[in-house]
Every structure is written in C-alpha cells, then in structure tokens.
Amino acid sequence: MCGFLGGRAARRGAVPVLPTVALSCALRLPCWHLRPPGALLSSLPGRDCSLLSKKTTAAKWKEKKAGEGRSLPGSSWEERLASAVTPLWRLPYQEQLQVKYESQRKILQTLATLLEELGIDVQKPGGLCCPLQPVVPSPVINGYRNKSTFSVNRGPDGNPKTVGLYVGTGRARNIVCVKANHMENIPPKHKQVAQCYEEFIRRSPLDPCILFHEGGHWRELVVRTTSHSHTMAIITFHPQELGQEALATQKALLKEFFTCGPGTVCALTSLYFQESTMTRCSHEQSPFQLLHGEPHIFEEVLGLKFRISPDAFFQVNTSGAEVLYRAVGELSQAGEDTMLLDICCGTGTIGLSLAHKVSKIVGIEMVEKAIEDAKWNAAFNGISNCEFHSGKAEVVLPQLLSSWEDARPLVAVANPSRAGLHHRVVRAIRNCKSIRRLLYISCKPEGEAMRNFVELCCPPDPGKKLAGEPFAPMLAIPFDMFPHTVHCELVLLFTR
C-alpha cells in the first residue's frame, strides 16, 4: 500500500523562466517615477495581453464549465474536493489567468471607491486606482506546492483514520476527509507521504484526534519538499493524558515505520514530531522534536541557498517565487545607496536576493526559528550587509523607525500573512519620512490588506496617529503563485 506511488518523485519540469536581464529590461523604470505600464513585464513567458480584452468573470466560467470539461477517476468525493480546493482545475490555464485578472481588477476598483469616499481622486481608466498589469503566469502549473498540510478525520467510507483534505465545514458539521491523490497542485511526493502516514495510523491502536475534548491522538501531517529532493514530514500529536514513557514508545514506532518499515519508500530527509494541545502551535510553544534525519532542508532561489526549518515561512511555489522576487527587485528601484526594509521577511529570501543591489538589508520576522534561518542563510551565502530582528513587526518596527537617522534612501517591502499588517506597522511606515517607496505583497488583497491600503493612502488622521504624507498606488502586478485556485499574489507599488 505504501509504495503504490513509486519511489522518490522526479523533479517537476518547469517552463523556462525569463533571464534576469530580460526581466530587467521589461521592468526598467526611470528613477522614482513610472513610465506608462503597458510594456512592463510584457516579455515574460506566457504573457498574453489579449486576455485583457476578454473579461471572464467567475460566474461566467462556472456557468460555462458546469457539467463540462475534464473529470476525475474515482468517486464524486474526489471531484468535490478538487472543486473546493482548486476550483479552476477544469479550465485551460490561459482561462484561469483571465478569471484571476478579473478578480484583481475588481479589487482595485474597490480600493479606488474607498479612496474616493475619503476625497482622494485616484481613478484611472476602468475605475481602477492604478494601472493593472496582466497576471504573471506560474512557470510550473501542476504539482507546484512545496508545502502541503493533510488532516486526519472520517473519510467517505466512515473510517476516522483517513488522511487527506476537508470537504465541508465544521460549522455545518458535514466534514469529510478525502484523499488528495488526484489534486493537481500537490506533487506526488506529498501524496506518497500522506498515504504512508495513513497506513501507519491505521496500524496504530491509538485513536485519531478529531475533536480535542473527545480524546484521541493522531493529528495533522505537514510535508515540505525542495527541488533538491529533500523531504520533511512533521506529524502533530495530541498527548492527552499519556505519560512520557508512552509518548516515547509512539515516537519510536513512528521512527521505525519511516526508517525501517513501509514508510522507507518516502526517503525522508527529516522526520519531526510535535506534541500539541492547540490547533496551531509554534516551536516556542511546543518544540518540534527531530526523530530522524537532518534538522533542516535546503532550497535554492536565484542562485542562493536557503535553510528551511519546520515552521519557517517560505513561498509555496518556489519557481513562481523566483519570478516574483526578480520583479520586486526591479520595482524597488533600489540602488547601491539604498537601504531595504524587509517586513515579515521569513527566512530572508526577498532581502537576501536583493542584497547585492543595495547598501543594507534590515529584516523583521516574528518566527524566531525563521530569523535563525535568515542569519544562517546570509552567512552561508557570504552576505554581510544585512541584519535581522526577531519579534512582532508591530513592536520591532516602530522602535526601529522612531530613532531612524540614516540619510540613505529607504525602500520598504512588506509580505505579511493573510491577516495583513498590524495598524502600528502601517502607522510606523506612514510616519517615517525616509520611506518614499513601498512594495506591498499580498496573498489576500480583498481581506485585511485592503484596510492597510486605505490607511497608507488616506489623508492625515490625528485620531489614528497617521501624520505622515499619504502614499499613492502607482502600479499593481498579480503573480499566479497558486494555479488551479482562485488566488494569486498581488504586488502593489506605493510611492509618495
């Protein structure tokens, strides 16, 4: 059962990414001003500006594709899962990009309306707040995820020890856990590890932990992989009332399964175990325990080597991240005298990839292990013009900028989670006169990030302590980091 997907998954093929020089030419902008955006990024692979002439809304494609297109082998549950997690999977990729462009266009229209309500006239043609470039396609369309999270719950057959993804919601009490074998965004290696984990827990006499108060132990599985064929598995376990001896027995059985038993087919680089009584738990709250292998896995991005810890943030689409980071470097217009402020820096990928262009990098990240990785990454790659600060951005950044006296130009890059930036972070950026250029990278611009955009651009507001000159949105570029889903990464350039 463990080996039905074969051995070590082959490295995914990728469409060639445009060389840095070509991207630089496509993005070259005169200093601190923007030329007309029509030609920007136009030479990237797969770019088709004709998509803009044909608006395809989500409603239209749903109607068009209802009952048509590709189908999945197996049960209707697999169809339901694919439609829930990757709702665009039936569409040809160019049509997926059309759908995403239309959704980003509506987001910029919303922002323009909100700013107009504050008396700010920013509307451009089409009712947008700034020019919108076509969606930059992902170099890899299938199996692009380098991190997947699998849940444990009742499957379609009622087996509570099913490892997969959820269909349904807890609120509606109709959750079914469906195996992810046919999900196009998940690579074969992740599916293989999930299948082996399912075999292990089905052999175990311990129950799965579906609801904390009902008992049980086996919980979710996280799989991380790299282009070097490194594979990290992280298994979460609810200890309930088990003593240390019983816990040690379970860890030993888990290690034996993946190193000497059927799980050896996964060829794990790292096997981690975390005891957790919470839905989500950081290393500081409950340490990740290394049961087997190396403490880290490694990835290369733009010629640099990066170390990845179990809970460190790393863009889920590595090849797409390279395209994104190249564009960020060009849009930043950072020069040798520029300092780059990397907010929510994770393992330092954005800052370190631009370190050769700038005078200094200052990174801020709340995950302590990620900062340790960032410092290691800098040292390993021979990068010395950087410093990294561990802590919540809303605490670290105001302290950092309140005493800022450096005369060098300061460019900020913010890459927060879906929750957006804390108000104190926005206030610190807004009130720092040295920051004239800001790149905001958002994976959910229609969510809390929208509030950030408004506070960055609104007139001075003493009540919110927003005293600095407002920013203005200048350019928006969506990057498809998540093919087959409705999501993409939106880069918004603000200047003042």
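This is a predicted model: local features need pLDDT of at least 70, side-chain atom pairs count only at pLDDT 80 or more; totals for chains, interfaces and linings use all residues.

Residues are numbered from 1 along each chain as its sequence is written, and side-chain values use heavy atoms, with hydrogens and water left out.

**Stop 1: strand 16.** Select residues 489-495, which make up strand 16. Helices (H or I, at least four residues) and strands (E, at least two) are DSSP runs, numbered from the N terminus. Are the residues here buried or exposed? Seven of the seven are buried, meaning under 20% relative accessible area with a 1.4 Å probe, protein chains only. In a regular strand the side chains alternate between the two faces of the sheet. Here, E489, V491, L493 and T495 point one way, with L490, L492 and F494 pointing the other.

Strand 14 (435-442) runs antiparallel to strand 16, with six bridges, and Y440 is bridged to L492. Strand 15 (472-479) is antiparallel to strand 16 too, joined by seven bridges; there, P478 partners L490.

**Stop 2: the cores.** Show L341, I343 and I429, the residues with the most contacts inside the largest nonpolar core, which has 49 residues. Such a core is a set of buried Ala, Val, Leu, Ile, Met, Phe, Trp, Tyr and Cys residues joined through side-chain atoms within 4.5 Å. Helix 4 (93-117) gives the most to this core, eight residues. A second, separate core of 48 residues includes M232, L331, A334 and M481.

Zoom in on I429. Leaving aside neighbours within four places in sequence, its contacts (heavy atoms within 4.5 Å) include I343, L401, F471 and R496.

**Stop 3: the cavities.** A cavity is a set of points on a 1 Å grid over the protein atoms alone where a 1.4 Å probe fits but cannot get out; lining residues have an atom within 4 Å of a point. Five cavities of 30 Å³ or more turn up in the whole structure. For the largest, about 60 Å³, select lining residues including F313, Y325, D342 and N415.

Which helix gives the most to the lining of the second largest cavity? Helix 5, with four residues. That cavity holds about 50 Å³, and its lining includes F150, K179, K191 and E198.

How values were computed:
Buried means under 20% relative accessible area, exposed over 50%, partly exposed in between (1.4 Å probe, protein chains only). On a 1 Å grid over the protein atoms alone, a cavity is a set of points where a 1.4 Å probe fits but cannot get out, and a pocket is an open set with protein on both sides within 12 Å along at least five of seven lines; lining residues have an atom within 4 Å of a point. Grid points are joined across faces, edges and corners, and a volume is the space filled by probe spheres set on the points. Two strands pair if DSSP finds at least two bridges between them.
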